Amino acid sequence: MKRITWAFWAFLLGLTALWLMADTLWPAQPGYFALRTVWVQYSGVLVMGAMSLAMLLAVRPVWLERHLDGLDKMYRLHKWLGIAALAIGTVHWLWAKGTKWAVGWGWLTRPPRGPRPPAENLGLAEATLRDWRGLAEGVGEWAFYAAVLLIVLALVKRFPYRLFAKTHQLLAVAYLALVFHTVVLVQWSYWSQPIGWLLALLVAAGTVSAVLVLTRRVDGRRTVQGRIVSLQPYPALRVLETRIRLDGLWPGHRAGQFAFVTSDPKEGAHPYTIASAWMPQDPCVTFITKALGDHTSRLPDRLRVGDHVTVEGPYGCFTFDDARPRQIWIGAGIGITPFIARMKQLAHGGSHSARPIDLFHTTADHDPVALDKLRVDAQAAGVRLHLFVDAQDGRLDGERLRALVPEWRNASVWFCGPIPFASALRADLAAHGLPTQAFHQELFQMR
């Protein structure tokens, strides 16, 4: 989380610093309208910067993963940038439209316009853009309304995922309209200064990304076809284990990574953590999905052995890499999945982990078959397993964890599960001396 928090604020502050090199928030010319002009320009630069970076992150650039600590964190940054663009864009809109309303209502008096430079004194590009200003203002206004609606829908968790996946793509259209609005209306002098160079780079990257989204070519090089070879339901857990044989050239994956799987083109791709170790001689991947929504609830009835699916990935940096002498894993509910993959990887490696590992699995549901398989995996990997079935064992908290693992201060903690649970554990362990950088969390929310 720290990396994306720093990235978010550094990006906005960096844009601000470059903009201040080209302009000022407090113009020498007195009056409201001079102030309005610079604030409209400043807020517009911030909005397009945030939207451009968000659009770039939407195409899942793998080269950014290691810098931002994984695609799950990148999607969180994508969400923050969208919210920032919505908030700052509203301010931008109020400066622009609110002023026109105030003039129309007689609350403000617009000062007389000074003489405009003759078109022949301008370059061809500047003169052409000046002629398009009216069109750009209208296009930008309606694109803003569309973007507001689509961003709000994306933030409403009750909005079905299959509809979210389709409507969210339309943001690429709104973004392209706002690119036209920006290129025409941004102050011409900016383009010859660092803020203009960065804005041009961001807009270019965002435009390419928007085209990739609209043509459904988001990282197609990491997509392979597969066929379902087995399905194992666990009704008591409302969980389905699906094994898929991959027909294409899969690059291999590490335990803790995830992939996007498409079993129904109308539904689109859904992210699932991979629950198996990679063995090139047996090119299969296993996914464990829980009925948490409409789509995952229908999977046991809809999927059949032999069905063809599309798998894109792998993604993620929740890969158990650190230098601390022991590890503590916490898998809450379906959050056990990455730890199953890691245990299988250790077992298939032919030796146990070189450092002690304690795995805590907390669950509200009880399935003897599934828990027996988990015990077998833990034993084969040399992992010490602690099971907490809520109705029998109560809840896991920091105090119980510290009592069961006395050497916890020397460990790194790897958590996958509900965010409030993670926040409570992190705060408790940090308050008792665990370094914050030793707590690793999978933010497995794609919206």
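A residue counts as buried when its relative accessible area is under 20%. This cut-off is applied below to the charged side chains of a predicted model, in which a search of the whole structure finds 17 salt bridges.

One of these salt bridges is formed by the side chains of Lys 73 and Asp 72, with an N to O distance of 2.9 Å. Lys 73 has a relative accessible area of 6% and is therefore buried. Asp 72 is also buried, because its relative accessibility is 1%.

A salt bridge is also found between the side chains of Glu 141 and Lys 97, at 3.5 Å from N to O. Glu 141 belongs to helix 6 (residues 133-155) and Lys 97 to helix 4 (residues 71-104), so this pair ties together parts that lie 44 residues apart in sequence. The relative accessible area of Glu 141 is 22%, which makes this residue partly exposed, whereas Lys 97, at 18%, counts as buried.

The side chains of Arg 326 and Glu 407 meet in a further salt bridge, at 3.3 Å from N to O. This pair links distant parts of the chain, 81 residues apart: Arg 326 is in strand 7 (residues 326-332), and Glu 407 is in the loop between helix 14 (398-404) and strand 10 (411-416). Arg 326 counts as buried at 12% relative accessibility, while Glu 407 is partly exposed at 38%. Both residues belong to one network, in which salt bridges with shared partners join Arg 326, Asp 358, Arg 384 and Glu 407.

Note on methods
Residues numbered from 1 in each chain as written. Predicted model: local features only at pLDDT ≥ 70, side-chain atom pairs only at ≥ 80, totals over all residues. Heavy atoms only, no water. Salt bridge = Lys/Arg side-chain N within 4 Å of Asp/Glu carboxyl O. Buried < 20%, exposed > 50% of the residue type's maximum accessible area, 1.4 Å probe, protein only. Helix = DSSP H or I, 4+ residues; strand = E, 2+ residues; numbered from the N terminus.
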